[in-house]
Amino acid sequence: MTPASLLIAFPKGRLGDELVPKLAGTPLALDAAALKSRALRIPTATPGVAALLLKGADLPRYVAAGVASLGIVGSDTLDELDMDLLELADLGFGACRLSLCAREGLTLEALRAKPHLRLATKFPKATEAWLSREGLTAELVPLSSSAELAPLLGLADAIVDLVQTGGTLRAHGLVETAVLGHSSARLVAARGAYLSEPGRIRPLAEGLIQSLSSSVKPAVAKGV
Amino acid sequence: MPVRTPHFPDLLFGAAARLRRWEGALMGLLEAHGYRELHPSLVLREAVPDGSLRFFDGDELVALRWDFTVSLAALLARRFTEPPPRVAYAGAVFRRPVQPWEAVERFEVGCERIQAEGEATGEADVELARLLMAIPGVLGLKGAILHLGNAALVRRPLEAEGLPPNLAEAVVAALSRRAPHRVREALADHPAAARLAAHAEALLAELDGPHTMEALKASPYAGLLQEERERMERALQSLLPILPPNLELRVDLADVAGLGFYTGPTLRLWAPGAQQELAAGGRYDRLFPGLGRPWQAAGFCVRLSRLLDLADTRPDLFEPLP
């Protein structure tokens, strides 16, 4: 990070689609023309503050390294990566469940009874933690996208994936058989930037929380 | 994760000269305040820890020095019956990095203030803070921030509630992230959940400013922590009038880094815009009793490798060289 510029990392994809409209009309609104281009560094309505558009799985790394001072990312991604960064607020939006999903008719008990359970997932850490809590063992099949296909094509018995409305699951004949956890958007900060330059970073963080205040849990906002 | 970063840095002329100059200046400062140098061996033959750089010397598994404080403690406990009150050190440690961009070989200068059990420790803590306050000037940093914390602010409530180790670990991890919502998630329906969540919010409510210590009074553990609060207030009263120009003093009630090691006041030195702390330390009164010596100790370490990186990437933070 140079002394003159501040970068905020925003997620691409589902969470980004929810975030961008919420920022419209705020000091951190993203430049509409730049958004329509292929640019990944987007000016905001605040001079000297730009946004980086990043894949969720890469975003925490940019923040932890101090390249971006702040970022917004799903708690599911944070839990998988376990990077050294600060998590200033639960922003509330982008809420979804991390669920075990299997073909309709296949119950949790039936999955438990399998001598060699295979689970496909983008979330191996959360899945391993759940298996440990449940006293189960399974072979994990790591995937990075379209996990819904795995049970249909015999790659796995079930999947562990994020579920928001359940529409994608239903379209593939899958149902939720267990909820492993919940996820929502979190405001994260680079430890170094936040602790060494609070005068620069905290107003920006507070501005972001205020801009997204309709969905921030009040008790959380108080702590920041 | 496999990485190909320069984990064993070769210092070229500029960095080598800067390291030599900084080491000399810092050791001179410590010597002027009565700290005498000890130089523990680079090779550890006992207690080879995970994270150290290990190799076989014949049939014997040994490790390179991975932490000065631990090496010094072993040396002092083995060779001295009375604690030398002030000890300084300079050199390299070798440690597997937590973050992939950190070097394995790191250059450090530091000091330890050691006392017999039962002696008052307040003055020793202030002595170390005053020394640390002088260090930005010695290094030529244009500005710096000194964070004062106290590990007991988190440790004592967790101990008082008798939290199981995994739950205590989750609470500390949440505080380390400065995430009170994670504290609530971790504690869920534990009987102490409401009290500890309120305490977390009190610790995280203010990072600096005149109301920081007042926030502690809102904690359900305010009575339990009264002694620590008064001690921090006394330290602030001693340090604020002698604050050098370009150094800010801040109170960080939620400092939990190294909580398994530190037992009391903690110190961390930052430069504005630096991504990592440049010096850190605190009180660790359980180290020597664990080695069979009834001594109390506190100290700090200046991370010269990080300072060399900072001088390279952010030369604007330093005064020009003479």
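Helix 4 of chain A gives the largest share of the lining of the second largest pocket, namely four residues, where helices (H or I, at least four residues) and strands (E, at least two) are DSSP runs numbered from the N terminus. The model is a predicted one, in which local features need pLDDT of at least 70 and side-chain atom pairs count only at pLDDT 80 or more, whereas totals for chains, interfaces and linings use all residues. Residues are numbered from 1 along each chain as its sequence is written, chains are lettered from A and ligands numbered from 1 in the order in which they are written, and side-chain values use heavy atoms, with hydrogens and water left out.

The second largest pocket holds about 950 Å³ of space. Of its 32 lining residues, D76(A), T77(A), K122(A), F123(A) and L162(A) are the closest to its centre. Two or more lining residues come from each of helix 1 (14-23), strand 4 (70-74), helix 4 (75-81), strand 9 (158-163) and helix 8 (167-171) of chain A. On a 1 Å grid over the protein atoms alone, a pocket is an open set of points with protein on both sides within 12 Å along at least five of seven lines, a cavity is a set where a 1.4 Å probe fits but cannot get out, and lining residues have an atom within 4 Å of a point. By class, the pocket lining has 11 nonpolar, 13 polar and eight charged residues. Chain A as a whole contains 11 helices and 11 strands, and its C-alpha atoms fill a box of roughly 60 × 35 × 30 Å along the principal axes.

In chain B, helix 4 (residues 152-161) packs against helix 7 (residues 193-204) at an angle of about 175°, with the axes 11 Å apart. The two helices of chain B are therefore roughly antiparallel to each other, a term that applies to angles over 145 degrees. In this packing, L153(B), V154(B), P157(B), L158(B) and E161(B) of helix 4 meet R195(B), L196(B), H199(B) and L203(B) of helix 7, contact being heavy atoms within 4.5 Å. The residues of this contact divide into six nonpolar, one polar and two charged.

Across the whole structure, two cavities of 30 Å³ or more are found. The second largest cavity has a volume of about 60 Å³ and is lined by V154(B), P157(B), L158(B), V171(B), L175(B), V183(B), L196(B), H199(B) and A200(B). Helix 4, helix 5 (165-176) and helix 7 of chain B each supply at least two residues of this lining, which divides into eight nonpolar, one polar and no charged residues.

Definitions and conventions
Axes are lines fitted to C-alpha atoms, for helices over the stretch in contact, and angles run from 0 to 180 degrees between N-to-C directions. Angles under 35 degrees count as roughly parallel, over 145 as roughly antiparallel, 65 to 115 as roughly perpendicular and the rest as oblique. Ala, Val, Leu, Ile, Met, Phe, Trp, Tyr, Cys and Pro count as nonpolar, Asp, Glu, Lys and Arg as charged, and the others, Gly among them, as polar. Grid points are joined across faces, edges and corners, and a volume is the space filled by probe spheres set on the points.
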